[in-house]
Amino acid sequence: MKGNEALAEAAIQAGCTRFFGYPITPQTELAAYMAKRLPKIGGVFLQAESEVSAINMLQGAGAAGVRAMTSSSSPGISLKAEGISYMAGADVPGLIINVQRGGPGLGGIQPSQADYWQATKAPGHGDFHILVFAPNSVQEMVDLVSHAFDLSDNYRVPAMILADGLLGQMMEPVEIKSSDEKVELPKKQWATCGHNNEREHNIVNSLFLQANELERVVRERFERYKVIEENETMCEKYMTDDADYIVVAFGATARVAKAAVKDARAKGIKIGLVRPITLWPFPKEELKEVAVNAKSFLCVEMNMGQMVEDVKLAIDCSRPVEFFGRTGGVIPTPAEVLEQIVKLSGGEQ
Amino acid sequence: MAVVFKKPNALTDKPTHYCPGCTHGIVHRLVAECIDELGIEGKAIGVAPVGCAVMAYDYFSCDMIQAPHGRAPAIATGVKRSLPDSFVFTYQGDGDLAAIGTAETIHAAARGENITIIFINNAIYGMTGGQMAPTTLPSQVTQTSPYGRNVNEVGYPIKMCEMLSTLDGATYLERVSVDCVKNVNATKRAIKKAFQTQIDGKGFSLVEVISTCPTNWGLSPNAALDWLRDNMIPYYPLGVYKDSTSDKEEK
Amino acid sequence: MQEFNSILAGFGGQGILFMGKAIAYAGLIDGKEVSWLPSYGPEMRGGTANCSVCISEEDICSPLVTNPNVLIAMNLPSFDKFIDTVVPGGTVIIDSTLVSKKVDRTDVNVSYIPATEIAESKGLKGLANIILIGKLLEQTNFCSYETIEKTINEVVPARKKNLIPKNMEAINIGMNYKN
């Protein structure tokens, strides 16, 4: 299945019945798939007049208590920033897919990871985080969609799948758990779905004019973030046990990096790979652990080095962190990464 | 003793923050009376705007969502498409609906979205302290048109009902005012008709209420009502701009 | 083949992406790891089109093929772009109807087959890509003949099932063509 279509089908299997989107390359297949499938299962596909409207429709659906998603690519995510902030501020769950392309501006349409900062640091204005997942295969995209929905509901935090044009466009075999039974969603006592004259009215709101009150609400949310950081961080470690050198890469780039790590091992270089699967929360502890025996780190990204600071912070700058990246839609090759690894290891072979 | 006048159930006990002489209070009450009379509070979800009515979520006793500036029709769309049996209304001012949220408004109408919009047009941004709105009249003085709205520079006011009436998707559009008892009663009839349009599944309805803003117009409440009659109603004629309720099938 | 890393390239409309899907599907039927990655661009029709297809016994690290061991070129720009990226010992299959140049490398195995011309003359218009799969099969044995039969049955869309015999005919022509 094509990555974009797999994301869509996985969402449907996870109980997502509402989709709001706006056409943009390279994620269009996802919306097209939803347009075909959702009406057949009693769901709703709606093409909004703008990215801005789409994210607000998502907020409306999320507030009403249903499982819903929107998808876009980089420039479109910038437009959604406002809505993402409001969702975070009103504790409304929902899933946002970003099939990244090159930027800034209109940029290009080739694969990119240049929205790392946007996703992990500033998906909108204000004091907040969203859950960010970075799959590296079509199968993992599928697995993370239902996981992201669950966590988003449980913690009442919006979630994002940070994919890229390569993952969205590529086809790989996938297994999607399909069940004819309806997915049981957690009861949402807070949802604005009509009080039916049986309870006080619910309010979904991000406005708190009293400074003390807003501080209290934000602090409570950050307590939740702490629980998320402790329990929901995901990362893959590959050949790190005896590694002198560590490559850190996420998403599609991690596959290229893994190929290079294998080649470097064949040359006798003791190197391993740490692949953050959640970008927020970031796998700080895991990086700290491997830093004990590692001499230095190499971040490989499809951007100008956006994750480097997070790696440095995770290991308290205790080891040098080098960077190799391609940007603008250029995908690094295993050979290029291998060359960097050889350089990192001082040419020892 | 017989009760001859009481607060509608659809309003909470919370005192509103509106300025003295502001007509938001009247319209809130009319909306609440219609909700009561139609018996729809239990399935109603209201969407509050950004603007003076931002805290409407505290005043209506149905479930409420507070929307980003201008996005109320998109939020309402998300709710209604998720819960088709619910009753969904937005309550928005002129800056929210006719400036930053123009696209959301037009497209919700064009889709024939089965929601109701209560649109308060008082020709000014109230909450932020009296700036020029998309509906500010030619020559009208505001904080950001201190020499009067110069139409050669900043263009003309937008007549939303007229504009929306060209859309096949819109079902019921009426412009009313709350400047006198007769018009207050007409406003209630319009809101009820708009609500009924949604209940009957007939699609998009909007009631534009010509209102005052004594504080930012710099007038006493009474003088503001006179100004409304003398200036706003001639520019924004009252009446039904579209009514295809008898043509449209239930959705 | 242990590792099959291919680039298939030509014009949009030649069925390049379909050819890639069919090859990947064959790998899938044989229970191997596969990936298919298209180039995508603003031109919907008539522009250049290419895709990377990997078939492997192990997890596929990089689905983006930069140094293929199989290249199928269906036009001159693709030929020029990719011929030097093929690893030594690799297989190159060229639609010689559309590519007049010859390969000047001696370290790759080259097959020239006028697939487009053959397709036209045999009443198999639009199946030049399938003829090339046949040639690929003969050159590399990337899967068995039975697997290809199953693949054709699976990948030909339901509304075109009547075209399965023609597709198999194209496979056979490709397999039996001698330079």
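Helices (H or I, at least four residues) and strands (E, at least two) are DSSP runs, numbered from the N terminus. By that rule, C:Tyr25 has its place in helix α1 of chain C. This is a predicted model, in which local features need pLDDT of at least 70 and side-chain atom pairs count only at pLDDT 80 or more, while totals for chains, interfaces and linings use all residues. Residues are numbered from 1 along each chain as its sequence is written, chains are lettered from A and ligands numbered from 1 in the order in which they are written, and side-chain values use heavy atoms, with hydrogens and water left out.

**Which chains touch**

- Two pairs of chains touch, and the most contacts (heavy atoms within 4.5 Å) are between chains A and B.
- No contact joins chain B and chain C, and their closest C-alpha atoms lie 27 Å apart.

**Chain A with chain B**

- Chain A brings 34 residues to this contact and chain B brings 35 residues.
- The buried area, meaning the accessible area (1.4 Å probe) that two parts lose on being put together, summed over both, is about 2,600 Å² for chain A and chain B, with 58% of it from carbon and sulfur atoms.
- Between these chains there are three salt bridges, a salt bridge being a side-chain nitrogen of Lys or Arg within 4 Å of a carboxyl oxygen of Asp or Glu.
- A salt bridge links A:Arg199 and B:Asp63, with the closest N and O atoms 2.8 Å apart.
- There are also 18 residue pairs in polar contact between chain A and chain B (both at pLDDT 80 or more). A polar contact is a pair of N or O atoms within 3.5 Å; within protein, one must be able to donate a hydrogen and the other to accept it, and residues adjacent in sequence count only if both atoms are side-chain atoms.
- On the side of chain A that touches chain B, the elements giving two or more residues are β1 (18-21), β2 (44-47), α3 (51-63), α4 (74-89) and β7 (203-204) of chain A.
- Of these, α3(A) gives the most, with eight residues.
- That side of chain A holds 16 nonpolar, 13 polar and five charged residues. Here Ala, Val, Leu, Ile, Met, Phe, Trp, Tyr, Cys and Pro count as nonpolar, Asp, Glu, Lys and Arg as charged, and the others, Gly among them, as polar.
- Strand β2 (residues 63-66) of chain B runs parallel to β7(A), and two bridges join them; two strands pair if DSSP finds at least two bridges between them.
- In β2(B), B:Met64 stands opposite A:Ile203.

**Chain C with chain A**

- Here 18 residues of chain C are in contact with 21 residues of chain A.
- About 1,600 Å² is buried between chain C and chain A, 69% of it on carbon and sulfur atoms.
- C:Trp36, C:Tyr40 and C:Cys61 supply 43% of the area that chain C buries against chain A, more than any other three residues.
- The count for chain C and chain A is one salt bridge.
- A salt bridge joins the side chains of C:Glu58 and A:Lys262 (4.0 Å, N to O).

**C:Tyr25**

- C:Tyr25 is partly exposed, with a relative accessible area of 29%; buried means under 20%, exposed over 50%, and partly exposed in between (1.4 Å probe, protein chains only).
- Not counting residues up to four places away in sequence, C:Tyr25 touches C:Thr151, C:Glu154 and C:Val155.
- C:Lys135 is 110 residues from C:Tyr25 in sequence and 17 Å away in space, C-alpha to C-alpha.
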